[in-house]
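Here are a few exercises on how two chains meet. Grab a viewer and work along.

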There are 2 protein chains.
Amino acid sequence: MNIVMIGAGNLATGMGIALIENGHKIVLVYSRSEESASLLASKLNCPFTIDLSKIKIDADIYIIAVKDNVISDIVMSYNFGDKLVVHTAGSVPIDVFSGYCKNFGVLYPLQTFSKNRIVGFGNIPICIEANSNENLEILRRLATSLSSDVRPVSSMERQQIHLAAVFVCNFVNHFYTIGEILVVEKGMDFGILKPLILETAMKAIESSPATVQTGPAVRNNKQIIDKHLQMLEKQHEWKEFYQLISNDIYKIQNNQ
Amino acid sequence: MNIVMIGAGNLATGMGIALIENGHKIVLVYSRSEESASLLASKLNCPFTIDLSKIKIDADIYIIAVKDNVISDIVMSYNFGDKLVVHTAGSVPIDVFSGYCKNFGVLYPLQTFSKNRIVGFGNIPICIEANSNENLEILRRLATSLSSDVRPVSSMERQQIHLAAVFVCNFVNHFYTIGEILVVEKGMDFGILKPLILETAMKAIESSPATVQTGPAVRNNKQIIDKHLQMLEKQHEWKEFYQLISNDIYKIQNNQ
C-alpha cells in the first residue's frame, strides 16, 4: 500500500520501517519538526513535509502516529476527504474521527518503541478497529502483512489494554530504574540484576505471573520487610511503594 | 565436592541440580518435611533425612538453603564442628554463624527459583562471602564451577542487592499480575501483553532503564493519566500505585 506517515516519533519510526520491510511504500512523512521529519524520511527513503496542507498526495492510507493530544488537532485541521485515516494510540477512542472523516480506524501495535532500537513486528499484537467492515478488512490485511497477531478490539478494550500496558511496561521499567539506582548508589553495577530481570519476565510469560510469585511479601516475612523499609528510610516514595505493594502482593496471593 | 544440602525448597532444588550437573555430589538432603526431602533426594539421586542430628556425615560443605528465619535455628541447634557451612540468603548477615561455627560463609545466587522450572546457573551472579580468605577461596572455586559471574560481596552490599531484587523481580511480577487481571477481567487474554513484557525487559538490560522510559507519566500526559485513574476507581490500591508511581517517574525522569 502507498502510505502517508503523519508523525516521526518512536512509533512512526518503528512502524514505518516495518511497513517498508514488508513491501509497502511510504510516499510522504509529515512532522511539525523538520529535524524529525527529515531523519525519518531518510530512513524510509521518501520525501517529507512540515506543512500539513502538503499531504494531499494520493495515498491508500494515512497513518497518524503523533502524541495522543495532537491527534484531534490534525483530524480537525486537515480535510482527508474520503481517504482512509487511522491513528495508532492506545487511549484515544475511534470517535476522535467522527464528523471529520468518512473512512477511519485504529491500528494500535502493543509494543514499546524507541527511535534507536529496531523492534521486530512479527509477533506484536496489532489491535484494529474501523468505522465499517470494509475498512476493518483493509486494516486487517495491512496489519496481517506486519504481524501474525492481529485482533479486532473496541475502543474500550483498547483503553484497558493500554492501562495494563502502563503497569507491565512503564511501571515495570521504573522499578528496573529503582533497582539500578539502589545497586549503583552502593558502588555496584546494574549488570548484577540483569539475569534476574530476564528470568522474571520469562517465567511470567511461560506461565501465569500470579502463580510464580516469590519473595518476602508473599511469605509475609516481616523481618525482611521491616529491614528493607528501614533501608529505604531516606527514599520516602520508594519506602511507600515497598509497603503498599508488599501488602497488595500478600492480599492478592492469599485471595483476600 | 561432597555436599550436604539442608533444605529442599525452590533454591535448594535449583542449586542442587546445578551442583550435580557440574560434577559435585550431594551426599544427603535434609528437610523437616519428609515429602520435600524425598522429592529432592530422588531428583539428586541421594539419601535424605528429616532428623537434623543425622547430618553428621563427612562432607566438604554444608549448604543451608532454608527460609531466612530458620537459618539461625539450624545454626544454633546443630554443631557443625570445623566443617564449612554456608547459607544462601540475600538478607541474612554472615554473623548469623558467629559464635556457633568455625568455618562459614555465604553463597547467594541472585535469581528467582521455582521447583518446577530449571534455571541455567551459567550466568547467574553468585555473591560470596566468608569468614576467612581460605574459605572465600573454597567458595570461589565452588561458585566458579557453577557460574561465570562470581562476586565477593559484603553482607551490607548483599542486603542492598536483595532490596533491589525485590523491586525488579517480586514487585515487577506483581505488576505483571495486575496487567493480567486487568486484561482478563475485560475478556481478553494475558498473551496480548507477553511481547511487551519481553521487549521491556530486553530494552532495559541492553541499555539503562532510566534512559528508555516511555508512556504517559514521563510525558506528564494528564489526559491519559486522569482517564486511567478513573478506570481504576474500583481498584483503590492500584489507583494509588498508579498515581504515586506516575509522580515518581516524572520526578526521576526530570531530575527533580
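A salt bridge here is a side-chain nitrogen of Lys or Arg within 4 Å of a carboxyl oxygen of Asp or Glu. This is a predicted model, where local features need pLDDT of at least 70, side-chain atom pairs count only at pLDDT 80 or more, and totals for chains, interfaces and linings use all residues. Residues are numbered from 1 along each chain as its sequence is written, chains are lettered from A and ligands numbered from 1 in the order in which they are written, and side-chain values use heavy atoms, leaving out hydrogens and water.

**Exercise 1. Find the salt bridge partner of Arg117(A) and say where both residues sit.**

Step 1: Look across to chain B, where the side chain of Glu206(B) meets that of Arg117(A) at 2.5 Å, N to O.

Step 2: (Helices, H or I with at least four residues, and strands, E with at least two, are DSSP runs numbered from the N terminus.)

**Exercise 2. Work out how much of each chain takes part in the A–B contact.**

Step 1: Count residues with heavy atoms within 4.5 Å: 91 of chain A touch 91 of chain B.

Step 2: Get the buried area, meaning the accessible area (1.4 Å probe) that two parts lose on being put together, summed over both. That comes to about 9000 Å², with carbon and sulfur atoms giving 68%.

**Exercise 3. How do helix 5 of chain A and helix 5 of chain B run relative to each other?**

Step 1: Take the axes, lines fitted to C-alpha atoms over the stretch in contact, with angles from 0 to 180 degrees between N-to-C directions. The helices pack at about 180 degrees, axes 9 Å apart.

Step 2: Angles over 145 degrees count as roughly antiparallel, so that's what these two helices are to each other.

Definitions and conventions:
Angles under 35 degrees count as roughly parallel, over 145 as roughly antiparallel, 65 to 115 as roughly perpendicular and the rest as oblique.
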